[in-house]
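Take a walk through this protein model, one step at a time. Keep the sequence and the 3D view side by side as you read.

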Amino acid sequence: MIPAPRPSEGEPTITVPASDPWRFSILIADDDRGTRETLGEMLAARGFRTMLAADGGEAVELVQVDIVHLVLFDMHMPRLTGLEAFAVIRQTLDRALPAVLMTADANNDLIRQAFAAQVYSVIPKPVNGNVVLHTLERALARVYGPRPEPQDKVEAPRPPTDE
């Protein structure tokens, strides 16, 4: 099971409305249902819109019919590997789409292939929720700009002074 990041003591829990223009869509493609669903729940709880794909072919299909801002791929999946699916997606899109690759065998050759394919980062499995969240937020900020900080404190108006 993937540990989900929790807000620090005193950190506000952020709820992002569906109409928020900064609500990014993340496609999670992993043939392991438990990993896919756990990551989806973790990211949804942090304000992301998530979509789930059971293999690389399904990921390619979803990107063609829905708005996706980032793809989180498992490397080894049926139909198409994460790198193969990303190559197909890059050929069909007319915009940059950041991708992060997860793999249990993060060897030097695979990492070189991933960076040659312009994958933003490679995360070793089993994944850590905090590492996933931090990596995805950095990848999104690199392509789309930084996400604005939530306005959780509103300063009360000051009464007029007689000075």
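**From the surface inwards**

The chain has an accessible surface of about 9800 Å². Carbon and sulfur atoms account for 51% of that area. Keep in mind that this is a predicted model.

Now look below the surface. The chain has 163 residues, and 40% of them are buried. Here, buried means under 20% relative accessible area.

Next, trace the chain. Five helices and five strands are found in it. Along the sequence, the pattern reads β-α-β-α-β-α-β-α-β-α. Contacts also reach across the sequence. Take those between residues at least 6 apart: 64% of them join residues at least 24 apart.

Turn to helix α3, which covers residues 82–92. Its buried residues are Gly 82, Leu 83, Ala 85, Phe 86 and Ile 89. Viewed down the axis of α3, these buried residues fall within an arc of 160 degrees, so they line one face of the helix.

You have seen Ala 85 and Ile 89 already, among the buried residues of α3.

Now compare another pair. Helix α1 spans residues 33–45, and helix α5 spans residues 129–144. Their axes come within 11 Å and cross at roughly 60 degrees. That angle makes α1 oblique to α5. The crossing of α1 and α5 is right-handed. From α1, Leu 39, Met 42 and Leu 43 take part in the meeting. From α5, the residues are Gly 129, Val 132, Leu 133 and Leu 136.

Is Ile 123 buried or exposed? Its relative accessibility is 2%, so Ile 123 counts as buried. Set aside its neighbours within four places in sequence. Ile 123 is then in contact with Val 100, Leu 101, Met 102, Thr 103, Val 131, Val 132 and Thr 135. Val 132 is also one of the α5 residues that meet α1. Ile 123 and Asp 74 are 49 residues apart in sequence, yet their C-alpha atoms are 9.4 Å apart in space.

Finish with the loops. Between β5 (121–124) and α5 runs a loop that holds Pro 126. A cis peptide bond joins Lys 125 to Pro 126, with omega at about 0 degrees. Arg 79 sits in the loop between β3 and α3. Arg 79 is not a glycine, but its phi is positive, about 65 degrees. With 56% relative accessibility, Arg 79 counts as exposed. Gln 118 is in the loop between α4 and β5. Gln 118 is not a glycine either, and has a positive phi of about 70 degrees.

Key: Residues are numbered from 1 along each chain as its sequence is written. This is a predicted model: local features need pLDDT of at least 70, side-chain atom pairs count only at pLDDT 80 or more; totals for chains, interfaces and linings use all residues. Side-chain values use heavy atoms; hydrogens and water are left out. Buried means under 20% relative accessible area, exposed over 50%, partly exposed in between (1.4 Å probe, protein chains only). Helices (H or I, at least four residues) and strands (E, at least two) are DSSP runs, numbered from the N terminus. The arc is that of the directions from the helix axis to the C-beta atoms. Contact means heavy atoms within 4.5 Å. Accessible areas come from the Shrake-Rupley method with a 1.4 Å probe; for residues, only the protein chains shown count as cover. Axes are lines fitted to C-alpha atoms, for helices over the stretch in contact, and angles run from 0 to 180 degrees between N-to-C directions. Angles under 35 degrees count as roughly parallel, over 145 as roughly antiparallel, 65 to 115 as roughly perpendicular and the rest as oblique. A crossing is left-handed if the near helix is turned anticlockwise from the far one by less than a right angle, and right-handed if clockwise.
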